[in-house]
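Hi,

Here is the structure I promised to pass on.

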Amino acid sequence: MRLRTVLFTPLLVAFAAHAQTLPAQPTSAPALLPIPDEKSQDRARMMIVTLFKDDYAKTAPADRQALAKRLLSEAAATRDDPTARYVLLQDTIELAALSGDPTTAVAAANELARLYTLDPIALKKQTLFESNAAATSPAAAEATARFALDTADEAALLDDFASVQQFVNLAESAANKTRNVPFVSSIQPRLFDFRSLIADYPKVQKMLEHLAADTADADAHLFVGRFYALRKGQWTIGLPHLAMGSDARLRNLATLDLSNPADGLQQAQLGDAWWDYAQTTTNSTRTHIEAHARDWYHLAQPNLAGLTLTRIQSRMQGDATTPATASTPNAQTLALLPLIDITKDTIDGKWSFINGVLQCTAPSRNALIAIPYVPPEEYDLRITFTRTEGQGPLTILLTSHGKAFGFALDVKGDARFERLAGKIAKDNPTAAPVVITNNHRYILTLQIHKDLIRALLDDKPITQWKTDYKDLARYAIWKLPDEKLCAIGINNSKATIYDIQLVELAGKGHPSR
C-alpha cells in the first residue's frame, strides 16, 4: 500500500526531475544519496505502514501530526537503510503538510534535501504550497508565510528569481489567511525588497553581459555590486564590483574590505565604517550591511579592550532579535565568549579559537567546554553557532535555582530540555521535531525565567515548560567540575560558536575566576 495514494497526489514526484540538474557538491560535503527506485520504496512503505498501522489508520489532524513527528524521529534514527529513511521523510512531509503542521513538514523537507539528490528549493516550494492549501488555523498559515519568506531568501541567493516570485506570492497568500493585521503589515518590507530584487535582476544580467565587454564601466559595477553585496548579502560576489564602482565611499570601503586587515583595531574601524553606512539605508539592505559589520567585529573582538570593545559588543548584541524579556529595566547583557580560556575550560574534546571564534575542531563522543560565568537565577542565554560536520546534537548545559539541567538541539531530529520529570527521549514532554542543517548559521536563545524555561531558534519558539525547577536534572555524561556553570557540548560533530551572550534578568551573576 502507498500512503500517497491514500492521502493525495504525490508530493515528491516532481522533485526527482531536478536530480540531474543539481550543482556539484563541495568535495568536503558527504555525497548525496540517490533517490530509491519505486519498487524499493513500495517495499519500505509496506514495512513502515505495517509497523505503524494503527497510527496510519487515524485520520484526525492531531493524530496525523503526531504520526508525522514520530516518523521524523524514526527517520533521524534510521541511518542504515536509506530507502526506509527516504520513505519516512516523504510520508512525514505528506502527513504534516495536510494536517496543518508546516513546521514538521519543512523540517522533513530540509532533511530530505540534505541527504538525497533533490532540489531543496523545489522540494520546499511544493511542501509549502500544500501546507498553505491545507492550513485551517492562523498559526499554521503564519508559519507557512514565514517559511515561504525564508525560502525566498534561499532562492534569491541562487538567483532563482522565478521561484522567489512564487514564494513571495505564497507568503502573501498565507499571511492574508491569518487575518492578523499586525503580522501582515510586518512582512510588507520583506515583500517589497523581494519584488525590487525580482524587478532588478534582468538589469543585473544585462550589466554583467556588458561588463564582459567593457570592464571599466563604473556605473555598471556599482549597480551589480549593490545588488549582490548590499541587497542580497553576497559580499564575495559584490565587493569586487563595488571596488570598481562609481560611488567613492563604497569604492573605498570595498577596497579596504578586500585588503583583509588583520589588526584588531583596523577590523573594528572597518566594521564601524560599514555600520555608519548602514544607517543611510533601510530594510534588508541595512540588515545585510550591519551583519557584515558584525562579522568584522567578531574578528576584532579578541584583540580589543576598554571602550572600543564595549562599543562593538553593544552592536554585536543585535545578532539576535532581542526577546521581550530582555528589555526588562536594568537588564545587563554580557558577552561571555571572551571569558573562555581553552586551556582552563576544556573538559572533553578538542577546542580552539580561530579568527576570534570558538571551534570544536575534532569530533568526539561528548566534546564539552565550560563557560566560566555563574549565571543569576533568571537569564536569557543566546548562542550564535554553526554545526560544520556530523549529525550529532548541540547540547547547552544550564543551571538555575540550584538545579543543573540542559537543552539538546537535534537529537536524532528532536530538541528538548533534558532531563525533565524523569522522562527521556520521546517520552519527554518538551520534545519537539527540530533538524538543523550543517554550515547554516543559527541563533539559539534559551530563556531561564522564574517559573518557565523556553527555547527559540532564530527567534522562533521551539518548546517551553512550566517548572519550579525541582523536576529538572542533567544526564550523567554531561558532568561539570562546577555544576553552577553553563557549558557547551557537541556530540560526534564539529561546530563553530560565534557569540555567547547572557542577559541578566533577576539577580547578578559573576565570573567563576
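H7 and H8 pack with their axes 10 Å apart, at an angle of about 160°. (Helices here are DSSP runs of H or I with at least four residues, strands are runs of E with at least two, and both are numbered from the N terminus; axes are lines fitted to C-alpha atoms, for helices over the stretch in contact, with angles running from 0 to 180 degrees between N-to-C directions.) H7 and H8 are therefore roughly antiparallel to each other; the cut-offs are under 35 degrees for roughly parallel, over 145 for roughly antiparallel, 65 to 115 for roughly perpendicular, and oblique for the rest. Their crossing is left-handed, meaning that the near helix is turned anticlockwise from the far one by less than a right angle, whereas clockwise would be right-handed. On the H7 side the contact (heavy atoms within 4.5 Å) uses Ile121, Lys124, Leu128, Ser131 and Asn132, and on the H8 side Thr144, Phe147, Ala148, Thr151, Glu154 and Ala155. By class that gives 5 nonpolar, 4 polar and 2 charged residues, where Ala, Val, Leu, Ile, Met, Phe, Trp, Tyr, Cys and Pro are nonpolar, Asp, Glu, Lys and Arg are charged, and the others, Gly among them, are polar.

Before you go further: this is a predicted model, in which local features need pLDDT of at least 70 and side-chain atom pairs count only at pLDDT 80 or more, while totals for chains, interfaces and linings use all residues. Residues are numbered from 1 along each chain as its sequence is written, and side-chain values use heavy atoms, with hydrogens and water left out.

H7 also packs against H6: the axes of H6 (residues 102–115) and H7 (residues 120–134) come within 9 Å and cross at roughly 160°. This crossing is right-handed. Among the residues making the contact are Pro102, Ala105 and Leu112 of H6 and Leu123, Thr127 and Leu128 of H7. The class count here is 9 nonpolar, 3 polar and 1 charged residues.

Now the interior. The protein has 18 helices and 17 strands, and 51% of its 513 residues count as buried (under 20% relative accessible area; exposed is over 50%, partly exposed is in between, with a 1.4 Å probe and protein chains only). The largest nonpolar core has 44 residues, and Phe385, Leu398, Phe407, Ile488 and Ile500 have the most contacts inside it. (A core is a set of buried Ala, Val, Leu, Ile, Met, Phe, Trp, Tyr and Cys residues joined through side-chain atoms within 4.5 Å.) Another core, of 33 residues, lies apart from it and includes Ala143, Ala152, Ala155 and Leu197.

Ser73 sits in helix H4 (residues 61–77) and is buried at 7% relative accessibility. Its C-alpha is 9.6 Å from that of Val435, 362 residues apart along the chain. Asp414, in strand S10 (residues 414–418), is buried as well, with a relative accessible area of 7%. Leaving out residues up to four places away in sequence, Asp414 touches Ser73, Ala431 and Pro433, among others.

Two residues other than glycine have positive phi. Asp159, with phi near 60°, is in the loop between helix H8 (138–157) and helix H9 (161–178). Tyr469, with phi near 75°, is in the loop between strand S14 (460–466) and strand S15 (486–490), and is buried at 1% relative accessible area.

Cheers
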